[in-house]
Amino acid sequence: MEDHEGPECGKADFVLLDQVTMEDFMRNLQLRFEKGLIYTYIGEVLVSVNPYKQLPLYGPEAIARYQGRELYERPPHLYAVANAAYRAMKRRARDTCIVISGESGAGKTEASKHIMQYIAAVTNPSQRAEVERVKDVLLKSTCVLEAFGNARTNRNHNSSRFGKYMDINFDFKGDPVGGHIHSYLLEKSRVLKQHVGERNFHAFYQLLRGCEEQELRSLHLERNPALYNFTRQGAGLSSGAHCVSAGGSVGRGPAFWDRDSRRGIGTPRAGPGPALARVVKSSSQALESDENSHRAVTEAMRVIGFQCEEVETVHRILAAILHLGNIEFVETEDNGLQKGGLAVAKEALVDHVAELTATPRDLVLRSLLARTVASGGRDLIEKGHTVAEASYARDACAKAVYQRLFEWVVDRINGIMEARGRDPRRDGKDTVIGVLDIYGFEVFPVNSFEQFCINYCNEKLQQLFIQLILKQEQEEYEREGITWQSVEYFNNATIVELVERPHWGILAVLDEACSAAGTITDRIFLQTLDTHHRHHPHYSSRQLCPTDKTMEFGRDFRIKHYAGDVTYSVEGFIDKNRDFLFQDFKRLLYNSSDPTLRAMWPDGQQDITEVTKRPLTAGTIFKNSMVALVENLASKEPFYVRCIKPNEDKEPGRLDESRCRHQVSYLGLLENVRVRRAGFASRQPYPRFLLRYKMTCEYTWPNHLLGSDQAAVGALLEQHGLQGDVAFGHTKLFIRSPRTLVTLEQSRAQLIPIIVLLLQKAWRGTLARWHCRRLRAVYTIMRWFRRHKVRAHLAELQRRFQAARQPPLYGRDLEWPPPPAVLQPFQDTCQALFCRWRARQLVKNIPPSDMAQIKAKVAAMGALQGLRQDWGCQRAWARDYLSSGTDNPAASGLFTQRLKALRDKDGFGAVLFSSHVRKVNRFRKSRDRALLLTDRHLYKLDPGRQYRVMRSVPLDTVTGLSVTSGRDQLVVLHARGQDDLVVCLHRSQPPLDNRVGELVGVLASHCRGEGQALEVRVSDCIPLSQRGAQRLVSVEPRPEQPEPDFRCSRGAFTLLWPSR
């Protein structure tokens, strides 16, 4: 797609035509259509012509070209209108709406789809999950609503049989955060019957042709739609429904305009014609189309958020409606014993309906055959139906069930799509873009109540267009004192008044006929209309115009709509307006055990004897909804898309000039061009204009000092050289050309980054100063707080340790308070100093004679490292036990003599340790020996031979010793260049006294004093070496063992220790 159009493509804006005549307008429209340019502007109004073929005008690349652009920067396009509405909403925080109008077949619904896709594509750049959820629901809802609200007609394969207005809520960043769908006047009579060549709603055929065989069987359905009365007419036809795919595009290619193809306005038609023959497809094609659509709708419902149980309920309700349509009634004859009455021809169908609606079978049958009436005394009377009454009740029930189902689907989508967790005080006020896709004018060979309401809706929308675009604009020029030439236009207010005027309008007369006592027929209603409106210029009937044979007596009346004359048949007007359904059916469905179906019928809980107000009629409800819709649209800034159908036969590339001329005429497009040419494209109050553009002029930035806002605006425009394209009103500035606004916006856009940088610089400086002041305050508080914590901690230490100097504990039982983090190293040092001080206090009180014992015990504690629990710390250490009369009463004298001889011989200074032991040698023999440890040697003595020396080892060759972790007295002495000595201390007093710790302590203390290394190992399995052979020694406790002894087996020694 080119970014600019050449002169050979005609005028992109009808306002630029040299002369504003119908011929010039149609010539430009025809030229652009032939060039494949289906969009043309009338100022800010977009005119769209349905091409009936795919055009390369859509997709991500086209969206990127229009995103963020002004309306006139690119060729006319739907994306440009969507972008303008979105930017206006985002810039001015004002609600906007896009009104898409035109007759059926002009492409309104597809235009709304493109607008939705554009909004979805340009929003949520940050990919927020909640916004993506809302976008998915917005896009997928179209697919679901088309399935339940669209049908194939003779002139449209995918005709919307309801009106839709969607509000999309945006947050302050311009991302969609919610939405709401309003539906209007579903054509529920289509459920019962359709014209030749038409179908029922798509949902029925999609269910029959798309669901699995197992589900079909559970619903008691057959695949062939021709088996059911409600779908038999369109069994061989395909749908035109096309759903939005997962990626957000519509599954029919880049252009989707071959959707609507109904006939034009005001032109009678004899039959379907050749167009119908071209669109009728084979049964296989219909099956494939409906099957694909069913999958797409089911997936769309899953994405939206419908639960699996809810989807199953929807399928059951559709199946129940189909079975309900097949129920026939027969009269039973009087056989003499029983009165004649009414019965159902196939009661199996009643079983199916009861099962699918989760209601009791007998109540279903009773509701079909009779109705309950409350008499004046509040007594209940059951009145049986005739065949006609039963058929009417069955049909009314089928219509009502489908309508409630459709309304429930819409409400369910709204509930899922609504904005969640939005607080205006926190998130700001949401803005809204409304998109209106509502039925266009309809003229059928026979037009009934539905066509009357639809055409009334279009009259209301045309009236809104006239008020906003034509009437209000001219009135505003006069009010502001702007000189311009008045434009004549047709005001359809008189037609709207004909329909909705209180007491006299057609709807008021119809309501009166519905509420009147007695039998009021459609013919009587028509006669009342003739009486009230016989002099109205836009109303006529055969009674008022007897020569007009196109209308029938007592049946037809004609309204001259702005789009042309439409003849309506009053047959069924009263019934359709009354929209009556027996209360029995409401109570029946309200008491269903299916919660979803039950929720659709809240009025079923009403007691039959309860007196209530008369419900509003269908016409009044529709009129009220139209009034509310118009008020809603009038409160927003409108953008218009006027759709034109080029021909009746959906033939690509052909523009029927007479058909298009008629549409241009009744849409008021020529008058719109004249008003736009004579008027101004934009108008703004002076204060708002200054607020937006004052930064582009040195005289108005940041605030002007001129006499008034009007003078300031004049100075601003003069600086830009734009004063020739504007007019000054009393309170507003009127701008003739949109290019003036584009120039101002471009100038503003260039200055905004500079202003933003200035504001950012000032704000960042302010934030930095605030941060600096806060940091200073924080550091001051921290400094004083630390001081306070230090002082408090030192005061607590001083309080707790006041009694630490008192003996004998010297503060051992005092608990240190937890310090602040900053004082943790200080407290660790204090604890170490306190321990050294306390040790000094304890040592000072120990006699000098006991210091050697204390040092030995400290050495033992350090060497054993807590691996041996019991090592004799609590008792006094005598060291030389062999010289003691207590331990060695029989031979202490002999040992003393031997000790004196060894001192004279070896010259040792002191005895470190002596004791009796049980030893084992490398020959696996154990003997009683004595162990003597002096400050120079380690002696092994034989107590049986007057303590003769068996072995002497220099003490400086002893490298270590090994002990166990138990109470046994096993000791293995390791010496450099010598066999390891394996002994067990025994024959002590008291018996089995624990002296291993003493031996370890005195030896370790001596080695520490001599600067000699000594390795002490604690293990329950001690390795040793004897003459190069490696052995293991372990301990085996034995309660029955009288004395410790060694057992040898397979190169290992085991000490048998008496455990008592």
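Colleague: Which residues form a nonpolar patch on the surface?

Modeller: In this predicted model, Leu775, Val778, Tyr779 and Met782 form such a patch, and their accessible area together is about 340 Å². One of the four, Leu775, belongs to helix H27 (residues 738–800). The relative accessible area of Leu775 is 33%, so this residue is partly exposed.

Colleague: Which elements of the protein chain have the lowest and the highest mean pLDDT?

Modeller: The lowest mean, 38, belongs to helix H8 (residues 273–279), and the highest, 94, to strand E24 (residues 958–963).

Colleague: Is E24 mostly covered or mostly open, and how many of its residues are buried?

Modeller: E24 is mostly covered, with 5 of its 6 residues buried.

Colleague: Which strands are joined to E24 by bridges, and how do they run?

Modeller: Strand E25 (residues 970–975) runs antiparallel to E24 and is joined to it by 5 bridges. E24 and E25 form a hairpin, with 6 residues between them, and Leu961 stands opposite Leu973 in E25. Strand E27 (residues 1015–1018) runs parallel to E24, with 4 bridges between the two; here Ser962 stands opposite Arg1017.

Colleague: Where is the place of Pro445, and is Pro445 buried or exposed?

Modeller: Pro445 is in the loop between strand E12 (431–437) and helix H15 (449–480). Its relative accessibility of 60% makes Pro445 exposed. From C-alpha to C-alpha, Pro445 and Arg69 are 46 Å apart in space, and they are 376 residues apart in sequence.

Colleague: How many salt bridges does a search of the whole structure find?

Modeller: The search finds 49 salt bridges. One of them joins the side chains of Asp603 and Lys586, at 3.7 Å from N to O. Asp603 lies in the loop between helix H21 (595–599) and helix H22 (618–634), and Lys586 in helix H20 (residues 583–590), so the pair ties together parts 17 residues apart in sequence. Asp603 is partly exposed at 26% relative accessibility, whereas Lys586 is buried at 18%.

Colleague: What does the pair of Asp870 and Arg967 link?

Modeller: Asp870 and Arg967 form a salt bridge whose closest N and O atoms are 2.0 Å apart. This pair links distant parts of the chain, 97 residues apart: Asp870 is in the loop between helix H29 (851–864) and helix H30 (892–906), and Arg967 in the loop between E24 and E25. Asp870 is partly exposed, at a relative accessible area of 28%.

Colleague: Which residues are linked in a network of salt bridges?

Modeller: The network links Arg875, Asp887, Asp993, Arg995 and Glu998.

Conventions:
Residues are numbered from 1 along each chain as its sequence is written. This is a predicted model: local features need pLDDT of at least 70, side-chain atom pairs count only at pLDDT 80 or more; totals for chains, interfaces and linings use all residues. Side-chain values use heavy atoms; hydrogens and water are left out. Patches are made of residues with over 30% relative accessible area and no salt bridge: like charges are joined within 9 Å, nonpolar side chains (Val, Leu, Ile, Met, Phe, Trp, Tyr) within 5 Å. Accessible areas come from the Shrake-Rupley method with a 1.4 Å probe; for residues, only the protein chains shown count as cover. A salt bridge is a side-chain nitrogen of Lys or Arg within 4 Å of a carboxyl oxygen of Asp or Glu. Buried means under 20% relative accessible area, exposed over 50%, partly exposed in between (1.4 Å probe, protein chains only). pLDDT is the predictor's confidence in each residue, from 0 to 100. Two strands pair if DSSP finds at least two bridges between them.
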